[in-house]
Amino acid sequence: MMLSCAAQSSVYCISDFPKLHLHSHPLVLTRPNLSTKFGALKSCPVSDRRRLASVCFFSAGQNSNGEEDGSDWPILQRWNVPWQWQTASLTSLACGLSFALTGLVETAAVPLLGIKIEELSLDEKAELLLLDQSITTAVVLGVIYSITNAFQPLPEDIFRYDLREPFNLQNGWLLWAVIGLVGALLAIALTGIAMSTINGEPPQRETDALVRLLPLIGSSSISTACLLVITGVLAPILEETIFRGFFMVSLTKWVPTPIAVLISAAVFAIAHLTPGEFPQLFVLGTALGLSYAQTRNLATSITIHAFWNSGVILILTLLQLQGYDIKEILQAT
């Protein structure tokens with residue numbers, strides 16, 4: 001079982017206290033009517049006709065033979081990214097630094113405010129954890145939106161959160177969230193079986209976020225509610241906006257969308273700082289990326305991420321209430 005890295009940061013904070021420019025014949029490019037294109041091309045010199053042939057006659061979704069090349073599939077289409085690699089790199093760095101610095105500032109501020117972690121009740125620790133995650137989410141999203149705001153107006157499919165038409169067959173966010181979640185569950189289960197077969201024993205989880213959250217899981221309704229907001233709302237919004245909404249989208253400026261999905265999934269898995277779970281996190285990140293690419297709607301990947309994280313918390317809470325040793329269960333899974 002896995003949780004998002006945004007949630008992990010908060011856990012660490014508390015637990016560690018203790019035109020193509022053509023110079024002639026522009027009508028060839030601007031007129032949509034095919035007969036006009038033919039007429040304009042006939043008026044071109046022979047050498048120009050050869051240069052313009054591919055521009056005049058082959059639209060998106062067709063290769064040089066006029067056959068469909070699959071680019072009409074949403075998951076193969078790239079985003080129209082308005083920024084260059086400098087902005088993409090610096091924004092990614094700024095997000096990482098703001099994430100880390102926010103945690104450090106919060107850690108330093110707690111004793112200055114006279115708060116003693118060891119004297120807090122479990123409910124108070126859960127509330128402090130919620131405050132920590134809320135501040136981190138606001139700061140990091142503020143950084144990314146402030147930087148990208150310089151490129152307004154952005155294409156409508158960048159940073160799109162749209163709850164309309166949830167069951168549209170082509171890009172319904174809820175429909176594809178369900179498909180993506182089921183696919184992720186099956187793929188991660190198969191990955192876990194393969195890893196167990198290869199490694200023989202599951203990796204130890206002493207540094208896993210869930211192990212650090214164990215004292216809060218099932219301790220009270222307040223703690224459970226705080227954990228659900230953290231893992232099921234704040235962390236998915238933050239991580240999906242960064243890893244899919246910005247990083248993956250930016251990559252499509254230079255690499256095909258499927259490659260961008262895989263690269264962003266790898267970075268997503270590495271950012272969780274749990275090497276033993278890299279394969280499962282990579283598979284989850286891939287499912288999130290593909291689902292987002294299909295709908296161009298961050299509501300899709302956020303929903304998958306939210307159900308994944310909150311589902312883990314709810315299942316462990318129910319097991320805890322039934323008297324099971326959830327730490328032993330975690331070690332076994």
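## A pair within one helix

R244 and E240 both lie in helix α9, which spans residues 221–251. They are 4 residues apart, so about one helical turn separates them. The two form a salt bridge. Their closest N and O atoms are 2.8 Å apart.

Are these two residues buried or exposed? R244 is buried, at 0% relative accessibility. E240 is buried as well, with a relative accessible area of 0%. The model is predicted.

R296 pairs with D157 in another salt bridge, with 3.4 Å between the closest N and O atoms. This pair joins distant parts of the chain, 139 residues apart. R296 sits in the loop between α11 (278–295) and α12 (298–321). D157 sits in the loop between α6 (122–148) and α7 (173–199).

R296 has 10% relative accessibility; because buried means under 20%, R296 counts as buried. D157 has a relative accessible area of 18%, so D157 is buried too.

Which residues are linked in a network of salt bridges? They are R160, D162 and R164.

D162 is buried, with a relative accessible area of 11%. R160 is at 22% relative accessibility and counts as partly exposed.

## The total

How many salt bridges does the model have? The count comes to 4.

Notes:
Residues numbered from 1 in each chain as written. Predicted model: local features only at pLDDT ≥ 70, side-chain atom pairs only at ≥ 80, totals over all residues. Heavy atoms only, no water. Salt bridge = Lys/Arg side-chain N within 4 Å of Asp/Glu carboxyl O. Helix = DSSP H or I, 4+ residues; strand = E, 2+ residues; numbered from the N terminus. Buried < 20%, exposed > 50% of the residue type's maximum accessible area, 1.4 Å probe, protein only.
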